[in-house]
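Subject: the model we talked about

Hi,

Here is the structure I promised to pass on.

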Amino acid sequence: MADIEHDESGFTCECGLRNEYPGYVQSHWSVKLSYSCACHRQYILYRGTVVKTSRESQEIFDSEAFGD
Ligand SMILES: [Zn+2]
């Protein structure tokens, strides 16, 4: 799996587009959030890590649902 270049304020998609995290990412740092780039690649943001999801049809993690 390719490493996604990222830092605390955003990440760079495989398409090369820099995505700044929306404001809710910081306030939901420990929650898995789904995020789609403008190119429709989809990622999971979780505790400052960025993981690309393999298919758009995969489970969507949303807001508080998986927080603990
Ligand atoms: Zn992209």
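Let me start with a question: which residue in β6 is the bridge partner of isoleucine 44? The partner is valine 51. I'll come back to that part of the protein after some background.

First, a word on what you are looking at. This is a predicted model, in which local features need pLDDT of at least 70 and side-chain atom pairs count only at pLDDT 80 or more, while totals for chains, interfaces and linings use all residues. Residues are numbered from 1 along each chain as its sequence is written.

As for confidence, the protein has a mean pLDDT (the predictor's confidence in each residue, from 0 to 100) of 83. Of its residues, 76% reach 70 or more. Confidence is highest in β3, at a mean of 96, and lowest in α1, at 89.

Now the overall layout. There are six strands and one helix, where helices (H or I, at least four residues) and strands (E, at least two) are DSSP runs numbered from the N terminus. Starting at the N terminus, the order is β-β-β-α-β-β-β. Of the 68 residues in the protein, 9% are buried. Here buried takes 20 or more other C-beta atoms within 10 Å of a residue's own, exposed takes 12 or fewer, and partly exposed is in between, with C-beta atoms placed from the backbone. Two residues are in contact if those backbone-placed C-beta atoms lie within 7 Å. Among contacts between residues at least 6 apart in sequence, 36% join residues at least 24 apart.

Strand β4 covers residues 33-36 and pairs with β5 in the antiparallel sense over four bridges. Isoleucine 44 in β5 is the bridge partner of serine 34. The β4 and β5 hairpin has five residues between the strands, and histidine 40 there takes a positive phi near 80 degrees.

Besides the pair I asked about, leucine 45 has valine 50 as its bridge partner in β6, and tyrosine 46 stands opposite threonine 49. The β5 and β6 hairpin has two residues between the strands, and arginine 47 in the turn has a positive phi of about 50 degrees.

So what do the two faces of β5 look like? In a regular strand the side chains alternate between the two faces of the sheet. In β5 (residues 42-46), Tyr43 and Leu45 are on the covered face, with Gln42, Ile44 and Tyr46 on the uncovered one.

Then there is the other sheet. β1, β2 and β3 form an open sheet of three strands in that order, with antiparallel pairing. Its edge strands are β1 (6-7) and β3 (18-20), each pairing on one side only. Strand β2 (residues 10-12) runs antiparallel to β3, and three bridges join them.

Is glutamate 20 buried or exposed? It counts as exposed because it has 9 C-beta neighbours inside 10 Å. Leaving aside neighbours within four places in sequence, glutamate 20 is in contact with Ser9 and Gly10. Glutamate 8 is twelve residues away in sequence, and its C-alpha is 9.2 Å from that of glutamate 20.

Last, the helix. Helix α1 spans residues 23-27 and includes glutamine 26. Glutamine 26 is exposed, as 11 other C-beta atoms lie within 10 Å. Its C-alpha is 8.8 Å from that of glycine 48, which is 22 residues away along the chain.

Cheers

How values were computed: Two strands pair if DSSP finds at least two bridges between them.
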